[in-house]
Amino acid sequence: MIGIVGGGIAGLAAAYRLQQHGYDVQVFEASDDLGGLAATYETNGDRIEKFYHHLSASEQTIIDLIEELGLDDDLDWPIGKNAYYMDGVVHPMDKPWEILAYPHLSLYDKFRLGMLTLDIDVRGGIPKFDSYERLEDYEDVPIKEFVVDHTSRGVYEDFVEPLLDGKFGDRKEDVSAAWFLGRIKFRGERDLLRGEPLGYLRGGFGRLIDALVEAVGRENITTGVYVTDLETEGGDVTSLTTDATESAEIAAADGGTATETHDVESVVVAAMPNVLEDLTGYECDIDFQGAVCALVTMDEPLTDTYWLNIGHDAPFGALVEHTNYIPPEQYGGDHLLYVASYIQDYEEDLWQLDDDEVEDLWLSHIEEMFPEWDRSSVTNFRLARNPRAAPVYERGYLDMVVPYDLGDDIADGIYYAGMASKAQYPERSLNGGIVAGYECADRISGKKVVVSPGDE
């Protein structure tokens, strides 16, 4: 049997792939819910993710999996309108003429930024195409240095820096240009006349989790148990030990036992690196950000934009109005808005506030930004927090990623598919989780690892 620690999308993808290779698997998940960061809320219609998600057309592995699981007819590609909020004005930023009309960059700044997004290096006066294909070449370059050199100081100070403040806070100076370029590539597949198509699974990505669970088999998944120990013998992993959480102990109250040992051929740790360290002692130096994300249910829309970047000092980094992307009819006519912020330190005020305090802070600031908006239209405010929602993609990040195969570092038969794997570089995603799960499964089976185009 192959044991899999973690029932998020990486763990489920590893289990699915291993079964395709003919292995027996058992997934162990500490919580009572599966899906990790793809967990969902109920609404008056379709379920919706607690943390916003969408796909890029380049994320071929998840697209292929959706097709394999028979959900491809429900994968839609609506246009996600983008805009930039600056000085009390929402500036659309999708179509060429909208970008040209943006008043806070000079025409020269816009030209240089446009060339960068098209993968064209115009330094020296001679255009060089496909100049930014190898993100690793910029792994040790600070974002500010890169943007000023490859565009202009105005682009950095008046466009990029406010976004970095919202995303990385006081860690912005540490982040590499490779992350920045990867972000541009992910969000750069635009129809010049319409905008940016982004993939969304009708009914929510919870349906993908459900389909994976069905494919793997619920009998091969155990929830409500912690993996507390991995045993090795002669340099090989031999067993893992689980300890039931409270909910499982209640279920096993009639003579059941909370602790069990399972013989395993291999183990895939599809969890955060702190779990790997607790089980094996392997230390990962990657720092992670926490995330605070609200889903606001409203009677009326706030804007007509899907993704609104905030270009001033706000207590949140972005406003993502989901029902300007997916019709509100899918949610019983409600309008759904994500309000999101990252935290770099658990001592930050935002992390210390209780849910009611966050609600008042955020809704009060939205009222200041949009004086015609009335918070009485809010019918529900739900807040999700995750202490390790995303890595900080600092310079030298690739030297810190955890290998898929940890045979040389810990013991033969131990593999890693969590968020600190290379598949989640230079940005974490559902697609990256699936790729990581597949990479481990293919190494266990001895199959040649095939990475789909766009996933490298």
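What pLDDT does the chain average, and what share of the residues score at least 70? The average is 92, and 93% of the residues reach at least 70. This is a predicted model.

The table lists their contacts beyond near neighbours in sequence.

| Stretch with pLDDT below 50 | Contacts beyond near neighbours in sequence |
|---|---|
| Residues 247-251 | five contacts |
| Residues 448-454 | 13 contacts |

**The parallel sheet**

Five strands form an open sheet. Their order is S11-S2-S1-S15-S21, and the pairing is parallel. The edges are strand S11 (221-223) and strand S21 (414-416). Each edge strand pairs on one side only. Neighbouring strands of the sheet are turned by 20 degrees against each other on average, direction ignored.

Look at the end of the sheet where S15 meets S21. Strand S15 covers residues 266-269, and three bridges join it to S21. These two strands run parallel. Here Val267 stands opposite Ile414 of S21.

**A hairpin**

Strand S6 (residues 82-86) and strand S7 (residues 89-92) run antiparallel. Four bridges join them. Tyr85 has Val90 in S7 as its bridge partner. S6 and S7 form a hairpin, with two residues between the strands. Asp87 sits in the turn and has a positive phi of about 55 degrees.

**Two helices in contact**

Helix H1 spans residues 9-20, and helix H8 spans residues 206-216. Their axes come within 9 Å and cross at roughly 35 degrees. The crossing of H1 and H8 is left-handed.

Which residues of H1 and H8 make the contact? H1 brings Ile9, Leu12, Ala13, Ala15, Tyr16 and Gln19. H8 brings Leu208, Ile209, Leu212, Val213, Ala215 and Val216. By class, the contact of H1 with H8 has eleven nonpolar residues, one polar residue and no charged ones.

**Aromatic pairs**

How many aromatic pairs does the structure hold? The structure holds 20. One of them joins Tyr52 and Tyr338. Their ring centres lie 5.5 Å apart, with 70 degrees between the planes. That pair is edge-to-face.

The Tyr52–Tyr338 pair links distant parts of the chain, 286 residues apart. Tyr52 lies in the loop between strand S4 (48-49) and helix H2 (60-68). Tyr338 belongs to strand S19 (residues 335-343).

Definitions and conventions. Residues numbered from 1 in each chain as written. Predicted model: local features only at pLDDT ≥ 70, side-chain atom pairs only at ≥ 80, totals over all residues. Heavy atoms only, no water. Axes fitted to C-alpha atoms, helices over the stretch in contact; angles between N-to-C directions. Left-handed = near helix turned anticlockwise from the far one by under 90°. Contact = heavy atoms within 4.5 Å. Nonpolar A, V, L, I, M, F, W, Y, C, P; charged D, E, K, R; others polar. Pairing = 2+ DSSP bridges. pLDDT = per-residue confidence, 0-100. Phe/Tyr/Trp six-rings, centres within 6.5 Å; stacked < 30°, edge-to-face > 60°.
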